[in-house]
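Hi everyone, thanks for coming.

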Amino acid sequence: MTRLADLAELVRAPAALSVPGDVLSGAAAAGALGPGTPALAGASVLLYWAGMAANDWADRRLDAVERPERPIPSGRVRPAVALGVASGLTAAGLAVATAAGGRRAATVALPLAATIWGYDLRAKNTAAGPAVMAACRGLDVLLGASGGRVVRALPAALTVAAHTWTVTALSRREVTGADRRLPGLTLAGTALIALTTPARPGPPATGPGRSGAARAARLGDLVPAVLAAGYATRYGRAQARVLADPSPARVRAAVGAGITGLPALQGALTARAGARLLGLAVAGAAPLGRRLARLISPT
């Protein structure tokens, strides 16, 4: 019998806390926050878990050499079970997305699911791997935006995609370690992401009677700025350690920091769109994710 704990490890269950913020930041940016948004976030989690299970199924022979403690090579989860879980979660994710957002959500969810499977089965071990994984996260943001003005969510999608590229590029060196050029590049990317995220799109309010609104807007802008700074500090510090010592253990720690730190970035994007309290709630998943990561590795 496959235990629930083994399945949780297979899908890297705690890492799913980094997923709903994609949909929420996209919905906030597109003006599409509504009753269906939580269901779209749930669909996103199902597709994410499907990708994790498919990843372990595709890597089962490699993991037998490099990570024999993983659920499949250790014998705790049979390959057929892992493939069934991945397929079932994919079908469930597509069904929930379509039920919650109709045809517009389905037109994003289908390419998202295809890109997830394409990464696991083909692209992961190629030079295109980080870009394909970045596309998965970008599409995830657009899934949340599918019920509104999608074009307004493109900056948020590109921001999350850029972050994902840095994490994925580092993750490819979790076993072998990295040379110092890679963490230098990803650290520079993280700094750029953190600097540009708090900037509010569009011109500030000016003119007679607007001074009070302008002051309120400036105070509100502190929320995304603080969240972006927290994201950069934690994830950047982990990458700086890799820069000093590019060993596999340091690389894995940086990847973990990138995964568990993503909600802070998503929260900053959500707050930037005007949903400040929701942004703070999204960012609140970061410390919870770090605690759960001590029980089940997110990488």
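Let's begin with leucine 295, which sits in the segment after α13 (285-293); helices here are DSSP runs of H or I with at least four residues, numbered from the N terminus. Please keep in mind that this is a predicted model, where local features need pLDDT of at least 70, side-chain atom pairs count only at pLDDT 80 or more, and totals for chains, interfaces and linings use all residues. Residues are numbered from 1 along each chain as its sequence is written, and side-chain values use heavy atoms, with hydrogens and water left out.

Is leucine 295 buried or exposed? Leucine 295 is exposed, at 69% relative accessible area. Buried means under 20%, exposed over 50%, and partly exposed in between, using a 1.4 Å probe and protein chains only.

Now to α11, which covers residues 248-272. This helix of 25 residues reaches 35 Å from first C-alpha to last, close to the 36 Å expected at 1.5 Å a residue; the expected span is 1.5 Å times one less than the number of residues. Of its 25 residues, 20 are buried. Just after α11, glycine 274 has a positive phi of about 110 degrees.

Finally, the inside. The largest nonpolar core has 65 residues, and Leu143 and Tyr231 touch the most other members. Such a core is a set of buried Ala, Val, Leu, Ile, Met, Phe, Trp, Tyr and Cys residues joined through side-chain atoms within 4.5 Å. Elements giving it two or more residues include α5 (79-123) and α11. The largest share, twelve residues, comes from α5.
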